[in-house]
Amino acid sequence: MKQQRVPLKLDEKLARLGLARPIDFVLHLPLRYEDETRLERIADCAPGDTTQVQGRVVAVDVQYRPRRQLVVRIDDDSGELLLRFLNFYGSQITVFERARDEHAVVRARGEVRRGFGSHAVVEMVHPKTRVVDESAPLPTTLTPIYPAGEGISQTTLRKRIDAALAHVALDEVLPDTLAPLAELMPLEQAVRTLHQPPRGDEAALIDKTHPAWTRIKFEELLAQQLALRRARARRHAKRSPIMRPGVLVERLRAALPFKLTRAQERVSAEIAADLQRAFPMTRLLQGDVGAGKTVVAALAAAQAIDAGWQAALMAPTELLAEQHFRKIAQLLEPLGVTVAWLTGSLKTREKRAALDAIASGAAPLAIGTHALFQDRAEFARLGLAIVDEQHRFGVAQRLALRAKTSSEVGMLEPHQLMMSATPIPRTLAMTYLADLDVSVIDELPPGRTPIRTHLVDDARRDEVIARVREAVHAGRQAYWVCPLIEENPEGSGPTRGAQALELQTAIDTHARLSAELSELKVGLVHGRLPTAEKQAVMDAFARNEVHVLVATTVIEVGVDVPNASLMVVEHAERFGLAQLHQLRGRVGRGAAASACVLMYAKPLSNNAKQRLRTLYETTDGFEIARRDLELRGPGEFLGARQSGAPLLRFADLELDAELVEQARDAAAWLIEHAPHAARAHLERWHGGREEFLKA
Ligand code: ADP
Ligand code: MG
């Protein structure tokens, strides 16, 4: 039997947006505005502008090449413009045909594009259109565009909001002695201005610099800061084991093959102090690629073990987890510590044994992928959870980890250490991650030489091959990273087809390079390779039995082969900034001068050009992260887009950095002097939505 879904009633749909009480509607602010107050002459339309034109319909065509589409030609006496619809209903054809026959006028709003062909006229793809009476007046004010769910029209929202505005008075809940408030527009005035934008302030309203926006941004940032402080207070109220360092820490330090850098000493001391507190540590250890985070993690684990607790280290990929396992086991097993190894790909019997060792406490340290924190893994006495490259785990996985590690033993919660090579810019750290304490390794181990980056058109591939040969003849090794197949438009990661294609590309590249460099040993590693084979190739590369390693991005994080001094990335324009920075970080780990060759194929988009230029200009991870944030925005930067985390809707972390600071100070002041107002403010802006912030 076919299941029929009962369509939601309007009120139910609105409730999904959090819109129930009149005050909810009043606070449902526009995301942006459209300027429909003016008409542009078609002759004056420049490609790239978003604008509004109107003209008589002169032709309506359904074309079939390159695919079925509806093309409507309009004329306003100054020039002609095409309206192109790739998806359309039959009824749209009728509407436009009738307009054509009646010489009616169509008003269209959209982005102007250059047309195709030599006599091309400009066009708009999927414009907003309306058949109008030629003399119909234009709106006199900006049109607010509201966030709307499926099946809710802007008109409906506007009506409900206007109705609510007529009844609701918006009282101030913040005391007027609060620092920046005197300089800001009163809340009620700000809200009314944004819903019913006055004439004359168009530019400031559109680019969100209007004082009404400033007040709303402050409100939003303040709510965020209050929520973060509340989360922190809750954390401090929890209990965790107190772990004092003992002889294992001492012996591990003595066994290290190098001297810790000053930065490593400093962050280790910060972590060591946290672990001796009675509430859970939530610390982010940041350090550029190659800064030496692993040994800091090992020292933290040793401290937990010293105090009789278990530690777990989780990494995002099997390859990386395995590297940690080898490195850390090599350090700790001679000191009598059993290290359990757990990943999804283990055979049942091995997995059973690892799970048993974890559950009985026989293994005081467990290293693995997220399999470590899946349902069946039960720790006897987990005291410290370490997560490497934590930004690579989804929010859902982080929540699972939190659930898994909470209230484990006698209501004690394990400490958490997160590690990341992706530096987090200051404003971002102050907002989304404000509940974390941050330790930074801001110095590389001595003896590293800076990496030179070259941008090379892929027409010059032969020269790159020659370079690889040269490096190998000089006793060095090279990575050759295969192109990424572009992600599907929803950004939900490569599709299955793309993955298969990526694999095929890797195999082809390997075959081609093997032929071109026939006197060298060329290896191949990719995500689909069975673990044992993957490890065999990596081992051979580590022993310099493989000279050139062809790889997909599985080597992006963590791989450590100091003799490799050349990194080649094909189709570098398809990679993100952080990814390229990580890849480049695979070289420059030894004393030899290293180079990174970023091959690109033209034409390059503007964004790709900026990414490549950034890589060329700097190797400073912080600068790269800052530009990444600029190019991508905080949502994508944090990978929070699919998480539902409440991103800032109005404030812009780059542009509003000063407001972020003011909001932070105001939050501290409020909690101390007016806790009531703090609660009321949070309630007004967040309601029950702050849970996500804690992930
Ligand atoms: P990352 O911070 O990227 O995880 P790793 O922990 O993998 O960096 O360290 C990178 C390399 O530097 C490893 O080969 C490691 O053994 C080495 N290393 C770490 N600390 C030091 C140090 N203080 N002196 C010399 N080499 C070090
Ligand atoms: Mg690492």
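Trainee: To begin with, what does the accessible surface of the protein chain come to, and what share of it belongs to carbon and sulfur atoms?

Mentor: The accessible surface is about 33,100 Å², and 51% of it belongs to carbon and sulfur atoms (areas by the Shrake-Rupley method with a 1.4 Å probe, only the protein chains shown counting as cover for residues). This is a predicted model, in which local features need pLDDT of at least 70 and side-chain atom pairs pLDDT 80 or more, while totals for chains, interfaces and linings use all residues. Residues are numbered from 1 along each chain as written, chains are lettered from A and ligands numbered from 1 in the order written, and side-chain values use heavy atoms, without hydrogens or water.

Of the 695 residues in the protein chain, 51% count as buried (under 20% relative accessible area; exposed is over 50%, partly exposed in between). In soluble globular proteins, nonpolar side chains tend to be buried together. Here the largest nonpolar core has 66 residues (a core being buried Ala, Val, Leu, Ile, Met, Phe, Trp, Tyr and Cys joined through side-chain atoms within 4.5 Å). Leu342, Leu365, Leu372 and Leu384 touch the most other members. Helix H10, residues 293–306, gives the most to this core, with 10 residues (helices are DSSP runs of H or I, at least four residues, numbered from the N terminus). Leaving aside residues up to four places away in sequence, Leu372 touches, among others, Leu313, Leu342, Ile358 and Phe379 (contact means heavy atoms within 4.5 Å). Another core, of 33 residues, lies apart from the largest one and includes Ile451 and Leu583.

Methods. Buried means under 20% relative accessible area, exposed over 50%, partly exposed in between (1.4 Å probe, protein chains only). Helices (H or I, at least four residues) and strands (E, at least two) are DSSP runs, numbered from the N terminus.
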